[in-house]
Amino acid sequence: MISPKKLILLTFSALGLIIVAKSDRTLSLEKDEKELVRSLTSINKLAIKSFQTEHGDILDCIDINKQLAFDHPLLKNHTIQLMPTTIPKWNINNNKNSKNGDSVPFRQDDISCPSATVVVKRITQEDLIQSQRLKSMGSKYSRHISSEGKNIELSGFHFAVAEYRHQVFGAKVNFSIWEPEVSPTQFSSASMLIAQGSKEQFQSVRAGWIVYQWLNQNHSRLYTYWTADGFIKTGCYNILCPGFVQVSARIPLGIFFGPVSVYDGPQYEVGIRIYKDGSTGDWWLVVYDENVGYWPNSLFTKAGLGHGASLVAYGGEVYSPVNEKSPSMGSGHFPSEGYSKAAYVNNFEVVEGSVASKPLFPVTLFSSTPNCYKASLT
């Protein structure tokens, strides 16, 4: 039998532990919140002018010389390149019988940034939290490449892509734009990856569209991702870390894509170009024929993208926790259904010198889960 005195002591002791635990958790949450505030202050530079879109985004016009990119230690003395010094001579598609969707130019009539400024999408606290989660999930397709497909855990990840393995200095491709439904823990994307190296020497840049509910409010949006060390320490999505130099005053990373393709209806596409400037070595991103910006050559090593690339891959990737049904990739329909029903990629060209060309030998198709997601050539 326990005496009342002992019972009081035991109860007090237990209560004391609860209080301490709660106090530590509160302090931890406060610390995390303060860290988020510091990060947002660092990322979101002083806006000279701001706009709010109908989708709830806040777009800021910031001084081109004071953008986040120049917080990177390798870019402290970087000289901004407003235009590429060399531009590949892309082929003109003269095939009148090809079925291409409408490439709708980017329109945002209410955006008018002052001279010497660039437009960026303002990052929110939720963006930062969820982007870290997205980064932690990574891209298993990229990891598949960087580890040459050996011992890669693909649980929850699925991809169907075309690969072109040859020394290249850029590529272009058109993606049909879709807006598949995803849960808060899923994403669905279509992108082009340009890469060099393997494992911790793996260096890559990519761009395309992604639907990730927390980051994009379930809308299809422009996204980029880069790394210089196999996703260990460097790189991020869009402008969530220093590196990518924005030069466009019209198209920010993370911008809403619209309209999107409709099953058995109108098809809409976006052209993505990534290529290495022959003079500066910078990797330029062009979207809707607009020079959006570039990844400076100094971010990469001479053995990596500083020299060029050995792989271009383009196609779709999805992720879902294993306890959820995987989301659609593209339209959610197999290639056999044909144009206007299946998602497509067209007008693929690579830069092997100063002039772009169609691949001289067939690309290789790869699907991690062919029973669910397929890629085919037509």
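**Cysteines, a sheet and one serine**

Let me start with a cysteine: C372 counts as partly exposed, because its relative accessibility is 47%, where partly exposed is the range between buried, under 20% relative accessible area, and exposed, over 50% (1.4 Å probe, protein chains only).

Before going on, a word on the source: this is a predicted model, where local features need pLDDT of at least 70, side-chain atom pairs count only at pLDDT 80 or more, and totals for chains, interfaces and linings use all residues. Residues are numbered from 1 along each chain as its sequence is written, and side-chain values use heavy atoms, with hydrogens and water left out.

Now to the bonded cysteines. Taking a disulfide as a pair of cysteine sulfur atoms within 2.5 Å, we get two disulfides. One joins C61 to C113, with 2.0 Å from S to S, and it is left-handed, at -75° about the S-S bond. C61 sits in strand 2 (residues 58-63) and C113 in the loop between strand 3 (102-103) and strand 4 (117-121), so the pair ties together parts that are 52 residues apart in sequence. Strands here are DSSP runs (E, at least two residues), numbered from the N terminus. Both C61 and C113 are buried.

The other disulfide links C236 and C241, S to S 2.1 Å. Its torsion about the S-S bond is about -85°, so this one is left-handed. C236 is buried at 5% relative accessible area, and C241 is buried at 17%. In sequence order, the bonded cysteines of the chain pair as 1-2, 3-4.

Six strands form an open sheet in the order 9-8-7-14-5-17, paired antiparallel; two strands pair if DSSP finds at least two bridges between them. At the edges are strand 9 (221-227) and strand 17 (364-367), each pairing on one side only. Strand 5 (residues 157-168) and strand 17 run antiparallel and are joined by four bridges; A162 has L365 of strand 17 as its bridge partner.

Last stop, strand 7 (residues 187-196), where we find S188. Is S188 buried or exposed? S188 counts as buried, because its relative accessibility is 0%. What lies 2.8 Å from a polar atom of its side chain? That is the backbone oxygen of S328.

Definitions and conventions. Polar contact = N/O pair within 3.5 Å; in protein donor to acceptor, adjacent residues only side chain to side chain.
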